[in-house]
Structures are given as structure tokens and as C-alpha cells.
Amino acid sequence: MIQLYTNIHRAIEEMKRLQITLEDELYQWVTKEIERLRFGSYSHAINFALKQLKEAETAKDGKK
């Protein structure tokens, strides 16, 4: 159990807290997806989306 706490604590330390503003259409969509349980939170949804974008950009850059 101590190992699990240590891993979670370390992961949280590596994250940065942000305050963002979303377009209303995006806010409504992500709220609906959270209600459908696709994402656990707004943070989860935003992290997922940014990781997908990063992977797509990296793949695109690698093909040049």
C-alpha cells in the first residue's frame, strides 16, 4: 500500500495545475462524455486529447 501511495504522490508532483477557458461547444461535448463515463474528469479528457494530438503531430513529423 505504501508503494501505491508513493507512485500516486510522485505522479501528482509531476503534473501541473492549470486554469483554462473552453469554447462552449467543447465544454458541452466534454461534459456529455464525462456523464457517459468516457472520461473520469475534465483533466482526464484534456490530457487524453493533448496526448492524441501530440502523437498525431509526432507521427506526421516522422513521415516528412
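The chain has three helices and zero strands, and from the N terminus its elements run α-α-α. Helices (H or I, at least four residues) and strands (E, at least two) are DSSP runs numbered from the N terminus. Of the 64 residues in the chain, 9% are buried; buried means under 20% relative accessible area, exposed means over 50%, and partly exposed lies in between, with a 1.4 Å probe and protein chains only.

Because the model is predicted, local features need pLDDT of at least 70 and side-chain atom pairs count only at pLDDT 80 or more, whereas totals for chains, interfaces and linings use all residues. Residues are numbered from 1 along each chain as its sequence is written, and side-chain values use heavy atoms, with hydrogens and water left out.

**Helix α3**

- The 21 residues of α3 should span 30 Å at 1.5 Å a residue, and the end C-alpha atoms are 30 Å apart, which agrees; the expected span is 1.5 Å times one less than the number of residues.
- S41 caps the N-terminal end of α3, with a side-chain oxygen 3.4 Å from the backbone nitrogen of S43.

**The largest pocket**

- The volume of the largest pocket is about 730 Å³.
- On a 1 Å grid over the protein atoms alone, a pocket is an open set of points where a 1.4 Å probe fits, with protein on both sides within 12 Å along at least five of seven lines; lining residues have an atom within 4 Å of a point.
- Grid points are joined across faces, edges and corners, and the volume is the space filled by probe spheres set on the points.
- The lining consists of 20 residues, and I20, Y42, S43, I46 and N47 lie nearest the pocket centre.
- Both α2 (24-35) and α3 (42-62) supply at least two residues each to this lining, and α3 gives the most, with eight residues.
- By class, the lining has 15 nonpolar, three polar and two charged residues.
- In this classification Ala, Val, Leu, Ile, Met, Phe, Trp, Tyr, Cys and Pro count as nonpolar, Asp, Glu, Lys and Arg as charged, and the others, Gly among them, as polar.

**Aromatic pairs**

- The structure holds three aromatic pairs; rings of Phe, Tyr and Trp (its six-membered ring) pair if their centres lie within 6.5 Å, and planes under 30 degrees apart count as stacked, over 60 as edge-to-face and the rest as tilted.
- One of these pairs is formed by Y27 and Y42, whose ring centres are 5.7 Å apart and whose planes are at 5°, so the pair is stacked.
- This pair links distant parts of the chain, with Y27 in helix α2 and Y42 in helix α3, 15 residues apart.
- Y27 counts as partly exposed at 42% relative accessibility, and Y42 counts as partly exposed at 33%.
- W29 and F39 form an edge-to-face pair, with 6.3 Å from centre to centre and 65° between the planes.
- This second pair also links distant parts of the chain, since W29 is in helix α2 and F39 is in the loop between α2 and α3, ten residues apart.
- W29 is partly exposed at 42% relative accessibility, whereas F39 is buried, with a relative accessible area of 5%.
- W29, F39 and F48 form one aromatic cluster.

- T31 is placed in helix α2 and is buried, with a relative accessible area of 17%; its side chain reaches the backbone oxygen of Y27 at 2.7 Å.
- E33 also lies in helix α2 and counts as buried at 5% relative accessibility; the side chain of E33 makes a polar contact with the side chain of R36 (2.8 Å).
- Q28, in helix α2, counts as partly exposed at 46% relative accessibility, and its side chain makes a polar contact with that of D24 (2.5 Å).

**The loop between α2 and α3**

- L37 lies in the loop between α2 and α3 and counts as exposed at 71% relative accessibility.
- Phi of L37 is near 70°, a positive value in a residue other than glycine.

Terms used:
Polar contact = N/O pair within 3.5 Å; in protein donor to acceptor, adjacent residues only side chain to side chain.
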